[in-house]
Amino acid sequence: DREFTTLRPVVADDLWGLWTTSRSVAGLTANAPYTVAQLVAALDAGEAAKVLAFGVFVNAGDTVLVRGISFNGDDYLFYTGEPTLTASVTSLELKNVTQPITLTASGFQPGQDVYFGVGNGGSGGGIGDAPVVADASGVATVQYSFPADTELGTYYFSAADESGYFGVSIEFTVIANQLAATGEGVNPWFLGAGILLALGGTGAIIFARRAKKA
């Protein structure tokens, strides 16, 4: 005494456009176009219809890769191997913050659009005006330079597909400027003098401190 039908959008990638049914049920005519509101009203009239299953519809001749489905507020992800993301450097001193950084993402599908982003955990944005197309090996590369007014702290680079479900992020730090070492060698004669001065008192302390600092 139960009827069932499948529902699918008339245009495969237009989820909020017209939909149709595979069978004539609840006053609906099979394969006729309906708005989402019309379908819901018909299926909820009387005893509300129940969802038995959901899936992906693919047109004949098309090939798709499904990594995840969002349905009724829940996300269902299918493991296909995680992507990776590397940066040519993992940190920069503040004085070198505008140095170009090469980001390399792998594990994507050949020809897939890869969206790169950068943020500090609270805000962020995309890198570049358009996504980068993955090459035949599923690798996408982009260069990025922080603006000159970037502040010290931890930042995050990311790479993901258009849906945002299949992606990866890594940390990057902007650190304070480091004092450069002098690189000067120590003359053995001065080391000997330092030992002698150690017997003499304060002069040796000054020398020792300078040597330690250098």
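**Close-up views of side-chain contacts**

**View A. The salt bridge between Lys-95 and Glu-93.** In this predicted model, Lys-95 pairs with Glu-93, and their closest N and O atoms are 3.6 Å apart. Side chains of opposite charge can pair when their charged atoms come close. A search of the whole structure finds one salt bridge. Is Lys-95 buried or exposed? Lys-95 is exposed, because its relative accessible area of 53% passes the 50% cut-off.

**View B. Arg-23 over the ring of Phe-4.** The charged end of Arg-23 sits 4.1 Å from the centre of the Phe-4 ring.

**View C. The largest nonpolar core.** This core holds 23 residues. Which of them have the most contacts inside it? They are Leu-103, Val-114, Phe-116, Ile-127, Phe-146 and Phe-157. At least two core residues come from each of strand 7 (101-106), strand 8 (113-119), strand 11 (140-144), strand 12 (153-160) and strand 13 (167-175).

**View D. The surroundings of Phe-146.** Neighbours within four places in sequence are left aside here.

View E. Across the whole structure, a search finds seven aromatic pairs.

Note on methods: Residues numbered from 1 in each chain as written. Predicted model: local features only at pLDDT ≥ 70, side-chain atom pairs only at ≥ 80, totals over all residues. Heavy atoms only, no water. Phe/Tyr/Trp six-rings, centres within 6.5 Å; stacked < 30°, edge-to-face > 60°. Lys NZ or Arg CZ within 6 Å of the ring centre and 35° of its normal. Core = buried A, V, L, I, M, F, W, Y, C linked by side-chain atoms within 4.5 Å. Buried < 20%, exposed > 50% of the residue type's maximum accessible area, 1.4 Å probe, protein only. Helix = DSSP H or I, 4+ residues; strand = E, 2+ residues; numbered from the N terminus. Contact = heavy atoms within 4.5 Å. Salt bridge = Lys/Arg side-chain N within 4 Å of Asp/Glu carboxyl O.
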